[in-house]
Amino acid sequence: MKNTVITFGQAKSKNKKLTMLTAYDYSTAKLIDEAGVNSILVGDSLGNVMLGYKDTLSVTMEDMIHHGKAVARGVQNALLVIDLPFMSYQTSVYDAVVNAGRLVKEAGANAVKLEGGETVCSQIKTITEASIPVMAHLGLTPQSINALGGYKAQGRDEDTAKKLIEDAKAVEEAGAFALVLECVPAKLAKHITEIIKIPTIGIGAGRFCDGQVLVYQDMLGMYSDFIPKFVKRYTNLGEVMKEAFSMYCKEVEEGSFPNDSHEYGISDEIIERLY
Ligand code: KIV
């Protein structure tokens, strides 16, 4: 059954945990969708894990649309959320609505995600009024990496914890249908989860959130540039892939691949006539 923003809201009231994973291409999206995840996020983390940038700041609308389209073709039941990249919505409410519209019309998003609290509430409100559901994102917001001074947990002192609570209430009030909390102390995420009505989706925000999201390369052990504390590796696909790649090289070099089972036939008479 197709997951929608309505089923997201219902899950919170039924106390049913929500699952979300990132995807950036057709084949992976299809596998994740078939596994029964509630939502797939085409995150701007594609800048790191797919394009090899050191942060997400260089990611463009064209990147998001290109990968979003591929993912959309692989998704049947998951709610497809696509990130608005850096400077596609901060610049003005007009830019925000136009770019959110592009993610829906050109890439096939069911909803968009953007980072920030009170400062982006007019964007959240106007995009929502254009009938495009918005997922908000607070805590460690990678698009603000230069302002935050590094990838570190947020809301660990009283002032910043209070600010996070105010921002969470503000994005709910502005119309966001869900809220990602990234790298926030578990007890603070619990408090926020209890005081707002929209579901919270945690990444490094502990067990009390209404749902969880992970970058799929992190959980499969495919990305080793940086492994955050909050990541659980469910398998080490990176090692399995490397073994398979080197076995392929070895077999090609020694001549054991390809063998006759991988070859197409042709009659000997035809071959003889070619010499
Ligand atoms: O870009 C992304 O993948 C994200 C998740 C980490 C929530 O925003």
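I began with aspartate 44: an N or O atom of its side chain is 3.1 Å from an oxygen atom of the ligand. I count a polar contact as a pair of N or O atoms within 3.5 Å; within protein, one must be able to donate a hydrogen and the other to accept it, and residues adjacent in sequence count only if both atoms are side-chain atoms. Serine 45 has a polar side-chain atom 2.5 Å from a ligand oxygen, and for aspartate 83 I noted 3.2 Å. The protein covers 95% of the 260 Å² of accessible area that the ligand has on its own (Shrake-Rupley method, 1.4 Å probe).

A note on the source: this is a predicted model, where local features need pLDDT of at least 70 and side-chain atom pairs pLDDT 80 or more, while totals for chains, interfaces and linings use all residues. Residues are numbered from 1 along each chain as its sequence is written, and side-chain values use heavy atoms, without hydrogens and water.

Next, the shell. I found 13 residues around the ligand (a heavy atom within 4 Å), and Gly43, Asp44, Ser45, Asp83 and Lys113 come nearest. The shell divides into 5 nonpolar, 4 polar and 4 charged residues, with Gly counted as polar and Asp, Glu, Lys and Arg as charged.

Last, I checked glutamine 217: is this residue buried or exposed? Glutamine 217 is buried, at 4% relative accessible area (buried is under 20%, exposed over 50%, with a 1.4 Å probe and protein chains only). Its side chain makes a polar contact of 3.3 Å with the side chain of tyrosine 216.
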